[in-house]
Structure formats: C-alpha cells, structure tokens
Amino acid sequence: MAARGHVQDPNDRRLRPIYDYLDNGNNKMAIQQADKLLKKHKDLHCAKVLKAIGLQRTGKQDEAFSLAQEVATLEPTDDNSLQALTILYREMHHPELVTKLYEAAVKKVPLSEEYHSHLFMAYARVGEYKKMQQAGMALYKIVPKNPYYFWSVMSLVMQAISAQDEKLAQTMFLPLAERMVEKMVKEEKIEAEAEVQLYFMILERLGKCVEALDVVRGPLGEKLTSELRSRENKCMMMYQRLQLWPECNALSYKLLLKNPDDWQFYLSYFDSLFHLMDKSWSQPEEGEHCVEGPVQTTVAEAVKFVVDRMEEQDKKESRPLRGPYLACLELIHRLRQRGCPDEKELGDPLELMVQFFGKFGDKPCCITDLKIYLHLLPPEQRSQFKNRLGELVPLGEAGEDGFGFPGDTKALQRHLCVCQLSRALGLQHALDTEGKLRLITELKAHYHHGLQFGKSCLKTELQFSDMYCLMAAHVYIDLWTETGDENMLWQCLGMLEEGLSFSPSNAQFKLLLLLLFCRLGAFQPVVDLYSSLDAKHVQHDTIGYLLTRYAGSLGQFAAASQSCNFSLRFFHSNQKDTSEYIIQAYKYGAFEKIPEFIAFRTRLNQSLHFAQVRTERMLLDLYTEADVTLSLEESVKAMGVCPEEDDIPWDNMRDNRDLTVLVSWDPKDRELTEEHRRLSLEEESVWLKVRALTLRLLASLALLGHAPSPWNSDKTNENGISAKSSTLQTLLSQLDQTLETAAQITEKHTQYPFLGPPSSRLASALSSGSCHCQASALQLSLTLRELETTGLEMLSRCKGEVLEMKDGRLKTQPSLLETLVFFVETVCVVLWVASYSANVLRPLKSSLQKKKKKKKDSSTAMPVVMCGFQEWTGSLHGVVTQALDHVKGQEASLTALKLAALTLEEGYSQTQEECGFTRAAMDKVQTSYLGSLQEMGDLLRKRADSLKSLKI
Amino acid sequence: MTTLRAFTCDDLFKFNNINLDPLTETYGIPFYLQYLAHWPEFFIVAEAPGGELMGYIMGKAEGSVAREEWHGHVTALSVAPEFRRLGLAAKLMEMLEEISERKGGFFVDLFVRVSNQVAVNMYKQLGYSVYRTVIEYYSASNGEPDEDAYDMRKALSSDTEKKSIVPIPHPVRPEDIE
C-alpha cells in the first residue's frame, strides 16, 4: 500500500488506447474500443464520454449529446470524465454546459482548488463576470494565493466594462475593485507586476489619474519592469489626461535626449509646448521644480532643441537618425498652422528637404517620410525642388535614348525616390499624353537597367528596380483612365507580368495585376495570383474583399463560393479561439489584454466582410443549387435562414478592409480620404442590405409557397400564413426603402482612387434593372398571396343562409347577397387581369418551346413565372368552384325551405288575413333571393368557363 | 523616426505591408493571442509617422532556470520592404535582448532558414552565432522542399562564460530540440 501513489490508476491504463485513437483521428476505433471497455466496466463513465467525443467527431451529434448527458447527470467528480466532457462540450459549441459540470463538482468536492479553478475558467469562457468574481473569491478562501484574489478583482473590472449603465460601473464595480486592491496594498500583500498593472487600470478607468500617477511613481511602480519604459509610458499617459503639460514636456524632452528617434515623444513634446505657450505658463520662481526636470516653454527653446538634435546627428559618422530632421519639418508645419513667424529660424523647408534627401535619399522609406511634408512647399517651388534633388543623384552619361543610369543600388534608390516625389508632387499627372508616354519609356529603361543589380537575388527577394516597373504601370493606368485607350491597359498588364517574371514574390505586382484583371472582368487569373499571395487567417478579413468583390459578380460561382468559405472558416473559428486566450490572459495576469481580446473578437464579429461573405455564400448556394438539386424550401431549411431574423450588426459595422494595401505615390488630392472610406462603407452596407433582404425574402417565399392551402386548413394555419405574409410585407417595404437609399447613393457617383476600394455592385445592380425586377417579382408573390386570401375571405363572408327559419321565425340576411355580388364582380376583374397576363405570357412560352425543340433539351424547365401563372389560375379555378358550390347549396336550401310549414303566430297582433299577406310577401322574398342566386350562379359558371381559355 | 510600442490586436488589421513578404508567416489568431496573453512585453511594433506599420518582433521567454537554459526566444521578426536598411531589425532585437536580460535570461536564440542569407548575416552582425543546424525544421510549402534551420544564439550577461553558445557540431532533428 505504501507504494500506492506510484501505481498508475488502472482506469488510466484502460482508457489510454481510446485517448490514443482519438488523438490520431481514428474515431471509429475509439468508439469500438470504448464499447469493448464498457462491456466489461459498465461504470467507467469516462469511456462513455470518450465514445461521445468519437461520435461527435464522426458527425453523430445527437447520439454524442445524449451519451454525454447520461454521464453529466451523474455529476461526475473524476478528472478524466470532467476533462473529457469539457473537451466535448467545447467541440459542440456548448461552453455553458461546462459551467454546470463544475458547479456540480465543486458542490461535491467543495475544497478542490482544481475544480474551483476550472469553474472560474468555465465562467470566463462564457463571460459570466459576476459568477467569475464569486468563483475567484471562493478559490482564494480555499487557497489564499494572490492570483485568485486578483482574478476576482479583474472580474469586477469586466463587469464595469460590460455594464450597460456607465454609472453603475463608476459608482459600484470599479470602486469595489479599487477597495479590494487597496486592502491588499494596506496589508502589503501585493506581489506581482500584474497586480500593479491591474491597480493602475482600475484607477485609470475611474479617472483617478493623480492616484494612478502616485502608484506608478511610488514603490509599487517599481514592480513595473517587464515592458520597456513601462513607468514612463504610464506617466506620460496620465500627464496627458491630467493636462499636466509641464511634466509632459519635461518627460518628452528627457526621453528624446535618450532616444532622439522616438517619434511619439516629439509629438508629445510639441503638443505640450504649445499648450504651455497658450496658457502663458512660466517657471515658478521658487518652490519645487517640475518632477520630471526642466520644462521648455518657448518656440526659441524648441527650435534650439531640434537644431541641437540635428547637429548631434550631423556629427555622427554612420547611420544618422531620421527623427531630428523630420522633427524639424514637423515643427515648421506646426508653427505654420499657428501662424507663428519663428519657423524661419529653422530654415527653408525646401532646403531642409533637399538636405534630408541628401542624407536619406538612398533609403526606400525616404518617399514615405517626405511625402507627409510636401505641403510645406508652395506649388511654384515644386519643379525647382525636383531639379535640386536631381542634382544629388549621380547618373552616368546619357546614352542614345537620352537617359543616364545609376551605377549602383544607392544611386538607383535616389533616382527612384526623385521619381516617387515628382509623382507625389503631381508633376507626373500634369504631363500631357506624349509626356506620360515618354515618362513610361524612361521608367522602363531604368527598370530594365536596374535588373543587373539583382542578378543574384533569391526568388524570395525583390529586385532593386521593381518600383520603376510599378510606377510605369501606374502611369499606364493614368493614361488608360484619362484617354480610355485600352491599349494602355494591355501594355500595363504586360509590364507587370514581366515584372513578376523577374521578381516572383513581389506582392505589389500581384495585387495590381489582380485588380486590373478584375476591372477587365477576367477573374480566372486572379485565383492563382491571390493564392500566391498566401493570404491567411486575419488577412481574409483585411484583403479578402479583393477576391469576393469580383468572383461572384464576374460569374465565377465556384471560385466565389470557395473564397467565401475561406473567409467564413476564419470567422467561425474566431469565437472559440479568442475565448481560450481570454482564459490564458487570466492565467498569466495579462489583465490589460482581456478587454483588448474581447474588443478584437467583437471587431471580427462585426466585420463588414464577415456579413458580406455570410450573405453572399447563401445567395450563391440558392442561385446554384435551389430547384436544381434541392427545392428552394429544402435549401432554405438546410441553410437555417430565418426570414424574421436579422443577424447583421447594421449600427456597429466594422470596416476591417485594408484599403491602402496597394502602394500609391499619388499626390494628396488624389489619395484615399476618410470621406472615401466613409462613402465606401456606406455603399457596401446598402448593397449588403439589398442582398440580405433578398435572401430573407427568398426564404420567406420558400416557406410561404409550401404552406398548406388555406381553404382546407384550420384556423391556426391561417394565422401562420398571415404571419408569414406579413413578414414578407415588412421585408418588401424594407427592400423598397433600401432601394430608395441606394438610388440616392448611386446618384452621387462617388469615384474612388483607382488603387483604393472597388465600387460596390450597387450601381450596376440598379442600372441593370435587376434590383427593381427582383423587387417586383417578390412583390408579385405577395400580391398573389393577398389575392388568394382576400378572395377566399370575401367568399367566406358570403357564407351563411340568406334566408333561414330559426325558432319558428324567418330570418333574412340580405347583406350576404350584396357581398356575393361584390365577390362576383371581383372575380370578373381578377379574371380579366388573368387573361391579360395570359396574353403577355403566351408568346413568351411559345418562343421558349421553339428554342427547346431546337435544342432538343427536354430537361429545360419552364421558367418559374409560367408555373406561377398556372398555379395561380389553378387556385382561381378552385375559388370559383367553391363559390359555385356555395351558390348551388344556397339555392338548394332556399328551395327546400317550406315556408308553409312556418306557423305564424296568430293572436298577437295579426289576424289570419294579415298572416296570409305576410306569407305572400315572404314567398316573394324567397323567390327573389332564388332569382338573384341563380343569376349570380349563371354568371359565375360562365366565368368559370372563361378560365379554360386562360391556359397558356 | 519610429514610434516603438506594444503590439496590440488592432495591429493585426494593419500589418499586410509587412506580412505579404514571402518569408513572413501569417499565423492563425490563436498564435498571436497566445503571445499577447503570455509574453506581451516581447511583442513590439514600430510605427511610422504616417501610421504605417514598419516592422515587428514577437518573442518569448522559456527554458529551465536550474539548467541555465532560461532564455529569450525570437519567434518572428519582420520589417516591411520600404522600411528596410534603417537598422530597425537591429533596434527591435536590441529591445528583445534587453527584456531578456532583465528577466535574467542566459541567452537569446532564434531559428532562421539556412537559405535566408540576408537574415543570417544580419544576425551574425548582431553578435549571434550558429549553435546548431536543425534538419528539416521548416516544412514544405508552395512546392518548395522541407528546409533546414540554423539555431542561432547570443549569450547574455548571466552566462558569464558564454557556455550556452558553444556550438553543437552535429545537426539535430526538430523532435530533439526543446
């Protein structure tokens, strides 16, 4: 017995093979092995759960679930079963069941640290913050470890973050969290950096910035060591929130002295400086200096600071930093914004930029750096600037074609940068067609010349001269869009294909080719281009639009479906994946990351692209499958589309598309703006709405079409039908509204930059008439449905005895006759409309039949509209027949009514003589009713005959 | 001129210019979240003034302290083509080394494709040396065969005798590395 601890639990040994089979994906064997084991050991619950996992993984969800429930109801407390059930429930997407499991387990084993901690994590997975808070505390009471206590605190913070009512967050959850931490601080029990981080987070969310600062600066702050500059960053954040501009300024200054290349601190340095100037802040003569050191309050000091930093770099022998030089341009920009004349002290922007080019012109990022400050140059200096830069580019002797070429890659990069800058300055756009063609020749020559420098480049490397090729392509596109000369486009494609042959992994070449092929309507080459980009996971959300925008609209349904699937797979895994890492963040005390992960999950769930691929995928399935392999109704049911449900977050849609993934050096006025982004999102959302409504309408139609016929159904079904058609009605009016909005949007004719977002399909869908045709067709379904039901309703109102004897009295209901007349009149109108429809449809059908004969393709189905018409006339026939039956019945019962049998009560007021007259009057009424009925019956019969002529 | 800051989830939506590079792997979301949850300080991004992401480094701390194998590991380091030749990768490596120093690591290590000469040379310049070759560490993709990796190391100040970087002469298989 002494060695018991070392002996393996025999059950572990028995279960091992099943685990192995499951791990290897051999689910069948796992199930068999479990069955074998269960024959011998009926009570080995874990074997059941493992079998259930096998069943779940072979698609037998229902069986798996009931097996799992068998075990779960026993409230197991053995580790194996609990863990296996946890895995199973997660795979079944039922994480909430895991909480039930461990709630039961901790009840039975109340002192188990392990089960309590599993319970906490199970709550975390489903975001039950309140219960997490309690579970954390329960855990801490059993085992007083700090992390458990702080899990509970963090759960309070999460309650605050998720609270609908911000007041509740500020007055209850956060203060409580604060007090819980303070208690630990007072008792000197704070141990870990994560705990200080959390304390800071709470204070920050409470807006207690002063207290937060004290924590960071105080002894607790000493624990903040993992992240570089953690304390400084947090202080800076608080200074900015508290508008402590002296401290902000002094700290930025200090950090810039340490690292004069850290851009964020130039920004905070300038911001704070101008705030201080605006407040005419001055150093207090006496008393305490600013805790962060010296404060700078004048432009002169700032100018000197920046100039000193530049001089420092000038003296360096190698690798000067770009920061100080760009800070100088930034300062000029800011001074100019403020209308401050001191910018002259820093020098002429043109000279400064030339100087910058001199130092950094051979770096590929030179264009990105200078582009931001080109607006500092007045338009008349642009050409001069370009020429000055040109002087700094060493090129060889010009050849026959008049072009001189760089002798090495550094000179090449400089020359390229000048080209990029002149494009950004608008100088390329200003050229006429001839000028642009000459520019292309020059760029091509440089491209080809530059290839010699990259002869030894690997396939995974870019060629040094690639960007010339890309720019030539951009100029071709300029020419194509300006002149409409398609030849430019063909040459552009050729240029890019050539570029790709020398530089097979250049993503920009691929992206632009992809875009151009799409614009040309040729989707097939796009598939390979996109797949060679190797875009994966989150990239489906950011650049997947390049594929899904065009695949379906260009008629490549299989590719469209596949690209939607790629994206959908990514989005569907998001929910499960993120939950796991929220739990990990608790485990590792990365509390700051928890709200971040949750926000990330939300951002993906609310993605425009997600909603688009979800909707498009289902529409694609309907278009390609419904009424081909499955009926429309079956397809709709299989997809689980519910017409009443709208799962698209219209008000919180996130546009995660990367709209600047294609490199552009276009001048500012041609660049993508925030307004473009807004309009593109608006347009895409409206288009999505049209599509989503179409999908729901089709679902609604499918469910309506196969409902039992209303005239032989009971009351509840009638209600069901009217509910369904009211959904249809609501959706149709939404579609109408959306189409109105759509028309307004397309009237704007928004043009996006060529390299920016593609226009949505909205405009072409509207102008093709497809939107309105579909809407009318769907409206027709509703009208038909209405026709049928109101017709029947009218008829049902006609029902009842026009004349009857009751309790020895005669009762008349002349209104029934009137209603019947209305019904008959209406039948006439409807039939005329039907006959009109038949006339419209008849030639259509015969032309179709001719075609059919030619093709000898008997499988061609009649278009829906024909079938629909036949169905409609069929149901009309039904209604009229019913009406005829009704009239006949009325006639019969009227005839059968023996008024003579009526004993008119004599003696009240009438004499026998008088009674005789009454009888005569009654007879007249009866005869008249009968006459009316006969006439209406005749008319209806004739009309019913005319129905036969409606055959098409 | 660079803003260096902690990498956040939102950066995943903006890193295409870096990740469309053929040698930069785009991992599944769980992979990034795991690093953000466990070693957030080892995940740093560089941002240009225009807001473009320039490059990032992702790493972790692992290994047994008792066996003097506690170390910083570089999982991914990538710089967008237009921000190369600025010494940014070196700066990011320096930061990761500093964090590893603070955590008392004995060395920093990384794996690199043997064919990626540019990277191998850069790491050598930064003081890294090949500790061992790992056979077929990179699995085949896009029709390319499996590829070997160099396991490169640089000793930190805790490893006073630089024991951790003494090269192992024979190549090892991926399953043999810890």
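Colleague: In which loop is Arg670(A) found, and is Arg670(A) buried, partly exposed or exposed?

Modeller: This is a predicted model, and the answer is read from it. Arg670(A) sits in the loop between helix H32 (632-639) and helix H33 (674-705) of chain A. Its relative accessibility is 39%. Buried means under 20% and exposed means over 50%, so Arg670(A) counts as partly exposed.

Colleague: Which residues is Arg670(A) in contact with, leaving aside its neighbours within four places in sequence?

Modeller: Separation along the chain does not settle separation in space here: Arg670(A) and Gly426(A) are 244 residues apart along the chain, with their C-alpha atoms separated by 9.2 Å. For contacts, the neighbours of Arg670(A) within four places in sequence are set aside. That leaves His429(A) and Pro753(A).

Colleague: How far apart in space are Gly339(A) and Cys457(A), C-alpha to C-alpha?

Modeller: Gly339(A) belongs to the loop between helix H17 (323-337) and helix H18 (349-360) of chain A. With a relative accessible area of 61%, Gly339(A) is exposed. In sequence, Gly339(A) and Cys457(A) are 118 residues apart; in space, C-alpha to C-alpha, the separation is 50 Å.

Colleague: Which helices do the buried residues of H12(A) pack against?

Modeller: In helix H12 (residues 209-217) of chain A, the buried residues are Cys209(A), Ala212(A), Leu213(A), Val215(A) and Val216(A). They cover an arc of only 160 degrees around the axis, so they lie on the same side of H12(A). The partners of these buried residues are helix H11 (193-205) and helix H13 (230-242) of chain A.

Colleague: How many residues apart in sequence are the parts that Glu482(A) and Lys436(A) tie together?

Modeller: Glu482(A) and Lys436(A) form a salt bridge, with the closest N and O atoms 2.8 Å apart. Glu482(A) is partly exposed, at a relative accessible area of 44%, whereas Lys436(A) counts as buried at 1% relative accessibility. Glu482(A) lies in helix H23 (residues 466-483) and Lys436(A) in helix H22 (residues 433-450) of chain A, so the parts that the pair ties together are apart in sequence by 46 residues.

Colleague: In which helix do Glu98(B) and Arg102(B) both lie?

Modeller: Glu98(B) forms a salt bridge with Arg102(B), the closest N and O atoms being 3.4 Å apart. Glu98(B) is partly exposed at 38%, and Arg102(B) also counts as partly exposed, at 43%. The two residues are four residues apart, about one turn of the helix, and that helix is H3 of chain B.

Colleague: How many residues apart in sequence are the parts that Glu136(B) and Arg173(B) tie together?

Modeller: The side chains of Glu136(B) and Arg173(B) meet in a salt bridge of 3.4 Å, N to O. Glu136(B) belongs to strand S6 (residues 129-138) of chain B and Arg173(B) to the segment after strand S7 (147-155) of chain B, so the parts tied together are apart in sequence by 37 residues.

Colleague: Which residues do salt bridges that share partners join into one network?

Modeller: A search of the whole structure finds 59 salt bridges over all chains. Some of these share partners, and in chain B they join into one network the residues Arg5(B), Asp11(B), Lys14(B) and Glu47(B).

Colleague: What is the area buried between chain B and chain A?

Modeller: The contact takes 50 residues from chain B and 54 residues from chain A. The size of an interface is often given as the accessible area lost when the parts come together. Carbon and sulfur atoms give 63% of that area between chain B and chain A, and the area is about 4,600 Å².

Colleague: Which element gives the largest share of the side of chain B that touches chain A?

Modeller: Between chain B and chain A the count is two salt bridges, and one of them joins Arg603(A) to Asp10(B), with the closest N and O atoms 2.8 Å apart. On the side of chain B that touches chain A, strand S1 (3-6), helix H1 (16-19), helix H2 (29-38) and helix H3 (88-102) each supply at least two residues. The largest share, seven residues, comes from H2(B).

How values were computed
Residues are numbered from 1 along each chain as its sequence is written. Chains are lettered from A and ligands numbered from 1 in the order in which they are written. This is a predicted model: local features need pLDDT of at least 70, side-chain atom pairs count only at pLDDT 80 or more; totals for chains, interfaces and linings use all residues. Side-chain values use heavy atoms; hydrogens and water are left out. Contact means heavy atoms within 4.5 Å. Buried area is the accessible area (1.4 Å probe) that two parts lose on being put together, summed over both. A salt bridge is a side-chain nitrogen of Lys or Arg within 4 Å of a carboxyl oxygen of Asp or Glu. Buried means under 20% relative accessible area, exposed over 50%, partly exposed in between (1.4 Å probe, protein chains only). The arc is that of the directions from the helix axis to the C-beta atoms.
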